[in-house]
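Here's a quick briefing to read with the model open beside you. Which parts are worth a click?

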Amino acid sequence: MIDVKPVLFIIGVLLALLGATMLVPAAFDAVAASPDWSVFVVSSLVTIFAGVSLVLTTRTAHPTSLSLRHAFLTTTLSWLSVAAFAALPLLFASPHITYAGAFFEAMSGLTTTGSTVLTGLDTAPPGVLIWRGMLHWLGGIGIIVTSVAIMPMLRIGGMQLFRTESSDNSEKIVPRAAQLAAAFGRVYVVMTLACMALLWAAGMTGFEALVHAMATVSTGGFSTSDASIGHFDSPLIEMIIVVFMIGGALPFVLYIRVLGQDRDALWRDTQVRAFFLAILVWTVTLSLWLVLHEHVAPLQALRVSLFNVVSVITTTGFATADYNLWGTFPFAVFFWLILVGGCTGSTSGGIKVFRFVILVTAARRHLRQLVHPNAVIVPTYNRRPVPEAILLSVLSFTTVFFAVFVVLSIVVALLGVDFITAATAVSQALANVGPGLGPIIGPAGNYATMTDPVLTVLAFAMLLGRLELFTVLVLFTRAYWRG
C-alpha cells in the first residue's frame with residue numbers, strides 16, 4: 001500500500017496557505033462595510049485548522065521524496081481538497097446555493113473554467129467577487145507548474161515531449177516545482193499587474209480591473225457582472241483583454257526563454273504558430289459569416305468575432321455577444337474551438353494545440369507511407385523527431401477524451417438535462433472553457449438551474465480536464481493500488 005503521509009503533509013500545507021488567502025477578501029468586505037467579512041474569517045480559521053492539523057499529524061513524513069504513485073495521488077487530492085475548502089466562504093456568503101453549487105463554483109475557479117451558478121454579480125459583495133478572481137489566479141499558476149514540472153514526469157497524453165531537467169527526477173518534485181513556481185510566478189505577476197493597469201486606464205474601476213486582470217491572465221473568465229465583458233461595451237477594454245487572454249494561453253516556458261535572450265523562442269514553436277493561425281482563420285471566417293448572413297457591419301463583425309474566438313480557444317469564457325444567435329455554422333465552430341484549447345504549459349484548457357499538431361503530423365506520415373510503403377518517415381515536432389511512444393500517448397489521450405465526453409454526456413442526460421445542453425456542458429467542463437452552447441448555459445445564461453447531481457458530475461469533469469484525464473483515472477485502477 002502507498003504511504004499517504006507525505007501526500008497529506010503537502011495537502012495540509014496547501015490548506016493552511018489557502019486559509020491565509022481567505023483573509024484578503026475578508027479585508028475587502030471589511031473596508032466596504034459588508035457583513036460577509038466574518039464569513040471569510042470563519043472559513044479561514046476552519047481551513048487553517050484543518051491544514052495545520054494535517055501538517056502536525058504527518059510532520060515526520062518526507063514530502064521532498066515522492067514516487068510516481070505519490071505524484072498521481074498528491075496532484076488529484078490537492079486539487080480536490082483545495083476546492084472543497086475554497087467552497088466554504090461561497091456557501092456561507094450565498095445562502096441560496098447548496099454545497100454542491102459552492103463546490104462547483106470553487107472547482108470552476110481553481111480549474112480556470114469560469115462556469116458559474118451565481119447570479120446578481122453586479123450587486124454582489126466585493127469579497128465574493130475578489131475571491132472568485134483569486135481562485136482563478138491561484139489555479140492558473142498552479143496548473144502552469146503542474147503541466148511543466150509534474151505532467152511530463154507522469155507521461156500523461158504526450159506531455160513527456162516537454163520533459164526538462166526540472167521534471168526528470170521524481171524524487172525532487174517538490175523543490176523543483178517550487179523553483180519553477182518562482183520563475184513562472186514572476187512573469188505571471190508582471191502580466192497581471194500590466195493587464196490591471198491597462199484595464200484601469202481604459203475605464204474600469206480599480207477593483208474591476210484587478211478582478212478581470214486575474215481572470216484574464218489565468219484564462220478563467222469570472223467577471224464582476226452578469227453580462228461579462230459586454231457590460232463595459234468598450235472596444236479598448238476588449239482588445240486589452242484579447243491581448244492578455246492570448247498571453248495566458250501561450251507556453252510560459254517560452255517566456256522564460258525569451259527573457260533569457262532567445263528572442264525568437266515563441267515564434268519558432270510549432271504549436272504557437274498553429275495557435276495564431278487558428279485564431280486568424282476562424283476570426284476572418286466568422287467575420288465574413290456575420291457580414292454576409294447576419295448583415296453586421298464589417299468592423300463590428302471583426303470586433304465581436306475576434307474577441308469571442310480568442311475567448312473560446314484560450315478557454316477563458318468571457319463574452320461580449322450571444323454567439324448562439326449567429327446561426328448553426330458559428331455554433332459548430334465554437335463547439336470545435338471549445339475542444340481545441342490553447343498551448344500546453346499555459347493556463348488554458350482543452351485538448352491542446354500540440355496534440356492536434358502531432359495527430360496531423362502522424363496522419364500525413366501515414367498517407368505518405370501508403371504511397372511509399374518502404375519509406376522511412378520520421379514525424380517531427382519543432383524539428384525534433386517524435387518517438388512512437390509519444391504518438392501513442394497523444395492518440396490514447398484524444399481517444400479517452402472523447403470516450404469520457406460521450407460517457408459523461410449520457411450521465412448528465414440521464415440526470416434530466418436535454419442532450420444538446422448535456423453534451424455542450426460536458427465539453428466545456430472537460431475543456432475548462434466556461435459558458436457552453438445553447439440557451440441555458442450559453443454566454444447569456446449560467447448553471448444556476450442545474451441540479452446538485454449534475455453540478456457534481458460537471459465539477460468532476462472539470463477536474464478530469466484540468467489534470468489531463470489520466471492523472472485522475474489512474475487512481476481508479478487496481479494496478480495503481482497494488483503497486
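Predicted model: local features only at pLDDT ≥ 70, side-chain atom pairs only at ≥ 80, totals over all residues.

Residues are numbered from 1 along each chain as its sequence is written, and side-chain values use heavy atoms, with hydrogens and water left out.

**Helix 13**

- Helix 13 covers residues 298-313, and its 16 residues should span 22 Å at 1.5 Å a residue; the expected span is 1.5 Å times one less than the number of residues. Its end C-alpha atoms sit 22 Å apart, which agrees.
- Helices here are DSSP runs (H or I, at least four residues), numbered from the N terminus.
- Buried means under 20% relative accessible area (1.4 Å probe, protein chains only).
- After helix 13 comes T315, with a positive phi near 60°.

**Helix 9 against helix 13**

- The axes of helix 9 and helix 13 come within 10 Å and cross at roughly 30°. That makes the two helices roughly parallel, a label for angles under 35 degrees.
- On helix 9, the contact is made by P235, E238, M239, I241, V242, M245 and I246; on helix 13, by R303, L306, F307, V310 and S311. Contact means heavy atoms within 4.5 Å.
- Axes are lines fitted to C-alpha atoms, for helices over the stretch in contact, and angles run from 0 to 180 degrees between N-to-C directions.

**T283, in helix 12**

- T283 is found in helix 12 and counts as buried, at 5% relative accessibility.
- Leaving aside residues up to four places away in sequence, T283 touches L302, S305, L306 and V309.
- A polar atom of the T283 side chain lies 2.7 Å from the backbone oxygen of I279.
- T283 and V272 are 11 residues apart in sequence and 17 Å apart in space, C-alpha to C-alpha.

**T192, in helix 7**

- T192 has its place in helix 7 (residues 173-201), and it is buried, with a relative accessible area of 6%.
- The side chains of T192 and W137 are joined by a polar contact of 2.8 Å. That term means a pair of N or O atoms within 3.5 Å; within protein, one must be able to donate a hydrogen and the other to accept it, and residues adjacent in sequence count only if both atoms are side-chain atoms.
- Not counting residues up to four places away in sequence, T192 touches W137, A213, M214 and V217.

Technical notes: Buried < 20%, exposed > 50% of the residue type's maximum accessible area, 1.4 Å probe, protein only. Parallel < 35°, antiparallel > 145°, perpendicular 65-115°, else oblique.
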